[in-house]
Amino acid sequence: MVVREEIPRVMAPRKQPVLLYIRCVQYFAELLHNLCLQHSSAVEHAANLSAAQAAIRERLPEPLRALVGERMLEHVERLQMPVSPWHVQLMLLLGVRRLSISGSVVHVGILDACDASRLQQLSLFYGGCGDRAAKMYNFLYTASNLTHLQCTDFCNNAMLQVIAGTCRHLHCLALHACDVTNEGVLKLCGLQDDLRKNIEILATGGTLTPSSVCAQSLKQIKLTMTKVTEAGVAIILLVLPGIELLRVPDIKMNQLFTFLETLDLDNVQTNLQEFHSREILDEFQLDVLTKLCPNLEYIQVTFIGNAEMDMTRLQSLARLKKLKRAKLADVNIDALVWFLDRVGARIELLHLYTYHTKFSQEKLSITRRHLQSLARLCPSLMTLNIDGYCLDEDEIPVTENLQYFHTLESLQLWSIRLTENDVRVFLSQCTHMRAVDLVLLNPFVLHDRLINQLLDAGTWKDLIKVRILNSPITYNVLVKIVDECPHLRELGCLYTWLISKHQVSEFKSRVRQDNLDLEVY
């Protein structure tokens, strides 16, 4: 009698059992959270909170404090609750490394006596009316180890001056909808003269030396919906040559490149590796940008969709020897193929989307021949996103010398029509696929038989995320995906599949019972 060896069942990862030590820490963190809630609702609990703070100072060693603080922060985030002033005070005492603080917490004034020396990541949001940022100054003066600062509707020029004089390890500054102007950029650099004087010095060939303590450590600046203009961007590029990432999507660039073109760019080349803008840059502007920033590895720009003009503009980008990632809006695909024929061998990420043309009557098109060219010209492509381009479903399919993508690890296809064979070109040969995000205009092509074939071929064995909308995938295939993808952590959107609400509830219950580390939505 032949005894068949039982094949072990492969399935999504299980949550690991929590160690007793960690469980005790979590329990203590939850008790402290409840104590903060009691203090928020009744002042008479203040004595209990003060006693807890005194006990923490006296009895908990610093490493244990930090662990308790992190577990308390994770607990509050899991509950999706805003942190109260008492949460903030207690977490800072515990020595958390990251924290998000709202304007209402700052308004209470509880931060005046708090120590921010252990903070590395700080998010501030919704300062609202009044100068609530001024109530942060004393707190920020102690934030000597801060590496990441993110502000939404909070920061102002004076606050940037405090940061420039305190945060000597600041690596990333992200400002959104903040009352920050070019003067704030000057303060960030530690420049004393006004903007006009500094621009005149640069225009006459002079150099400006930043004196702020964060000038050497600052590598990333992200500005959206601020009052900074292209003059401020010029200061950043020419005074902070150590910046590696600059994100200024909504700042007009016309005069900036005209000014930069007058300079001796050989002497002011920057170390910028990532440039993000949603502006339409012409060939002159792109030529100046690539001369000033020859080390660019990532670029985000917008085109106009005309083959001849886009090709002329892409010629400048083709000179970038280190370019690996590109996010291009409204680019003509014929021009893109010409560009990839020159640089495609080193492209690892390609994001193509419609921006200005998204709601126009004449859509930008992409053909199957174009997709074949992408697969052939980009042998190292790991991430591909295509959003909004029109592919003719009735176009004659390519049958001779068919090219497949082989190295993709992340695929996102939105608002596009594909046939089943088109989907196979993207997915069937990629053996290390990790993330699949498909929102097709004809989602019926993603059916059980196709998914089963991909699973049986083992191409989804490394899959971590699956997001597919409005497809006729049934419950049996859903179960098979979970059983045969041992790294799967995220799965959706089940309510848009060919699955009843009862089956979705049953599946979620199974995930809980099997203790799977899987997010289902």
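Is glutamate 279 buried or exposed, and what is its relative accessible area?

Analyst: This is a predicted model. Glutamate 279 has a relative accessible area of 16%. The cut-off for buried is under 20%, so glutamate 279 counts as buried.

Start with where it sits. Glutamate 279 belongs to strand 7, which covers residues 274-280. Now look at what touches it. Set aside the neighbours within four places in sequence. Glutamate 279 then has contacts with Pro249, Ile251, Lys252 and Met253, and also with Val301 and Thr302.

Next, the whole protein. Of its 521 residues, 50% count as buried. The secondary structure comes to 19 helices and 16 strands. The C-alpha trace spans about 75 × 70 × 45 Å along its principal axes. Take the contacts with a separation of 6 or more: 72% of them join residues 24 or more positions apart.

Glutamine 412 gives one such case to look at. Glutamine 412 lies in strand 12, residues 410-414. Its relative accessibility is 18%, so glutamine 412 is also classed as buried. Leaving out neighbours within four places in sequence, its contacts are Leu384, Asn385, Ile386 and Asp437. Leucine 384 is 28 residues from glutamine 412 in sequence. In space, their C-alpha atoms are 6.3 Å apart.

Burial can also be followed along a helix. Helix 14 runs over residues 333-343, and eight of its eleven residues are buried. They are Ile333, Ala335, Leu336, Val337, Trp338, Phe339, Leu340 and Val343. What covers them? The cover includes helix 13 (307-317), strand 9 (325-329), strand 10 (349-353) and helix 15 (368-377).

Helix 3 is another place to look. Its 17 residues, 62-78, should span 24 Å at 1.5 Å a residue. The C-alpha atoms at its ends are 24 Å apart, so the model agrees with that figure. The buried residues of helix 3 are Arg65, Val68, Gly69, Arg71, Met72, Leu73, His75 and Val76. An α-helix has 3.6 residues a turn, so residues three or four places apart point the same way. After helix 3 comes glutamine 80, with a positive phi near 55 degrees.

Helix 3 has a partner. It packs against helix 4, residues 85-94, at an angle of about 150 degrees, and the two axes are 8 Å apart. That angle makes the two helices roughly antiparallel. On the helix 3 side, the contact is made by Arg65, Ala66, Val68, Gly69, Met72, Leu73 and Val76. Helix 4 supplies His87, Leu90, Met91, Leu93 and Leu94. By class, this contact has nine nonpolar residues, two polar and one charged.

Last, the cysteines. A disulfide is a covalent bond between the sulfur atoms of two cysteines. The count here is zero disulfides. Take cysteine 114. Its closest cysteine sulfur is in cysteine 36, 12 Å away, so the pair is too far apart for a bond. Cysteine 114 is buried, because its relative accessibility is 11%. Cysteine 172 is in no disulfide either. For cysteine 172, the nearest cysteine sulfur is that of cysteine 151, at 11 Å. With a relative accessibility of 6%, cysteine 172 counts as buried too.

Back to your residue. Glutamate 279 is a buried residue in strand 7, and its contacts include Ile251 and Val301.

How values were computed:
Residues are numbered from 1 along each chain as its sequence is written. This is a predicted model: local features need pLDDT of at least 70, side-chain atom pairs count only at pLDDT 80 or more; totals for chains, interfaces and linings use all residues. Side-chain values use heavy atoms; hydrogens and water are left out. Helices (H or I, at least four residues) and strands (E, at least two) are DSSP runs, numbered from the N terminus. The expected span of a helix is 1.5 Å times one less than its number of residues. Buried means under 20% relative accessible area, exposed over 50%, partly exposed in between (1.4 Å probe, protein chains only). A disulfide is a pair of cysteine sulfur atoms within 2.5 Å. Axes are lines fitted to C-alpha atoms, for helices over the stretch in contact, and angles run from 0 to 180 degrees between N-to-C directions. Angles under 35 degrees count as roughly parallel, over 145 as roughly antiparallel, 65 to 115 as roughly perpendicular and the rest as oblique. Contact means heavy atoms within 4.5 Å. Ala, Val, Leu, Ile, Met, Phe, Trp, Tyr, Cys and Pro count as nonpolar, Asp, Glu, Lys and Arg as charged, and the others, Gly among them, as polar.
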